[in-house]
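Subject: Structure for you to look at

Hello,

Here is the structure I said I would pass on. My notes on its salt bridges and surface follow below it.

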Amino acid sequence: MTDLVNTIFSLMPSINKPQRVFMTGLLATLVVFHGRATFRNMSRYSDMSEKRFARWYRRDFPFAQFNTELLLHSLGRSQENIAAIDASFMKKSGKKTEGLGWFYNGAQGASERGLETSLISAVNIKSHTAYSIDARQTIDTEGKTRTDLYADHAADMADELKRLEIQYLAADSFYSKYKFVNSVVNAGLHMIGKLRVDANLKWLYQGEYSGCGRPKQYEGKINFENDLSRFQYIGSYESNTEIYSAIAYSVSLKREVRVVLLRSSDSAVSTRAILFSTDKNLDALTLLLYYRARFQIEFLFRDAKQYTGLTHCQSRRSEAINNQVNASLTALNLLKIEDRDKKQTAEKTVISIASWKRRKSNQHLLSRVFERLGVNLKSIKVCNVYEELSDYGLIAS
């Protein structure tokens, strides 16, 4: 892992040597520690002091650039990727932490007092795996709604996404608002999202011009039950879901969009879901594939919270919290790429972050023991023992 991090830093000449040394040590520590990733506890698993962690956490680091260079180096430009955005609630005790407020906690299904981080990730379609690009703490700002803050985050990351040749940003139904969608489109990206089941959509007028007055643009509101025959039938999905598609005008988004209607007849009453894309030429099945791939961002939050200390920052400063969150997600990226390299495949595989965390922890302890004993790690016998004990306690070898 250290060799890969140093390779990426060689592509970032603007980062000075002291910060490189610290970030290399921080990322290595986040994959071996046990307990909580507080400054004091991380100092127990590294050669850096608690004060050094606290001092460097006050300084900005271009995680978005680092992760972009990491993915370009490891995945290349030939891979099919999309971007995904979502926010996650983080519990935080105390009353003086910057950004503390009321945010929706999906685990509880209600708003709670704490912190929130907005994450933009790249999702590799072939391997069905998400990689973090940039995380940003949601801090309420006077004169801006939270939708504005999310839109600013997406617009700021547009250049990094374009470097990865990403054209589509997928998000859940919360982000299907005019302000957000308009900001994404103005940044040069296409939006993929979900609309309400009773979304106000209008048919585009396909008739001839009458020759008098302004040309007619729309032909009335879409009735999803009575107008089903006017949709293009695409096929069935998972045996009980039918897929329909059309180009329509969205009143709430104020633009023409590609609509994909999913109609399920599992129960006595049929249910539906409505997906959309601002790219009217996007194939309906591809749109569905991209939207389903969006869910991979949830595993980034889950794994980072469980294994790399996403929510463990003890500082009250927003700079330190952002550094902790981004470093945690970047360490997770490194583990996923190492798993990909070890298996030598770009296909979809099962990644056990618990096993990788155990393996890194075992190697960290073995290296310390062999170093103290003065054992030569280049010895074949020692190398075999090292590899064998590296996998000790793994869930999956």
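Glu69, Glu160 and Arg163 are joined in a network of salt bridges (a salt bridge being a side-chain nitrogen of Lys or Arg within 4 Å of a carboxyl oxygen of Asp or Glu). By this rule the count is 21 salt bridges.

Please note that the model is predicted, with local features needing pLDDT of at least 70, side-chain atom pairs counting only at pLDDT 80 or more, and totals for chains, interfaces and linings using all residues. Residues are numbered from 1 along each chain as its sequence is written, and side-chain values use heavy atoms, leaving out hydrogens and water.

Two of the salt bridges are described here. In one, the closest N and O atoms of glutamate 347 and lysine 126 are 3.5 Å apart. This pair links distant parts of the chain, 221 residues apart: glutamate 347 is in the loop between helix H11 (318-343) and H12, and lysine 126 in the loop between strand E3 (110-124) and strand E4 (129-137). Helices (H or I, at least four residues) and strands (E, at least two) are DSSP runs, numbered from the N terminus.

In the other, aspartate 148 and lysine 179 meet at 3.6 Å, N to O. Aspartate 148 is in helix H6 (residues 146-156) and lysine 179 in helix H8 (residues 178-186), 31 residues apart. Aspartate 148 is buried, at 17% relative accessible area, whereas lysine 179 is partly exposed, at 45% (buried means under 20%, exposed over 50%, partly exposed in between; 1.4 Å probe, protein chains only).

Regards
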